[in-house]
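Dear colleague,

I am passing the structure on to you below, and my notes on it follow directly after.

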Amino acid sequence: MNLRLCLLLLAVLCQPATAHAYVDPGTGMLLWQGLIAAVGAVLVFMRNPWQAIKRLFERLFRR
């Protein structure tokens, strides 16, 4: 068990202190937009899914 802890500590200490990475400023907004769209889709569908499905079939087979 002590060997695992030492190996973990060694692995953490060998990692670089900074990550020189670049994330485009638009990426954050894209993630927020996707999250908001997903929440909106769930809210719209979960409001009353059975009634929405029934209305869809009624519209399709009425014509």
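By about how many helical turns are Phe 57 and Phe 61 separated in helix α3? They are four residues apart, so the separation is about one helical turn; helices here are DSSP runs of H or I with at least four residues, numbered from the N terminus.

Please keep in mind that this is a predicted model, in which local features need pLDDT of at least 70 and side-chain atom pairs count only at pLDDT 80 or more, while totals for chains, interfaces and linings use all residues. Residues are numbered from 1 along each chain as its sequence is written, and side-chain values use heavy atoms, with hydrogens and water left out.

The count of aromatic pairs comes to one, where rings of Phe, Tyr and Trp (its six-membered ring) pair if their centres lie within 6.5 Å, and planes under 30 degrees apart count as stacked, over 60 as edge-to-face and the rest as tilted. The rings of Phe 57 and Phe 61 have centres 6.0 Å apart and planes at 5 degrees, so this pair is stacked. Phe 57 is partly exposed, with a relative accessible area of 43%, whereas Phe 61 is exposed at 66%; buried means under 20%, exposed over 50% and partly exposed in between, with a 1.4 Å probe and protein chains only.

Ile 53 is also found in helix α3, and is partly exposed at 33% relative accessible area.

Helix α1, finally, is hardly covered, as the count of buried residues among its twelve residues is zero.

Technical notes
Helix = DSSP H or I, 4+ residues; strand = E, 2+ residues; numbered from the N terminus.
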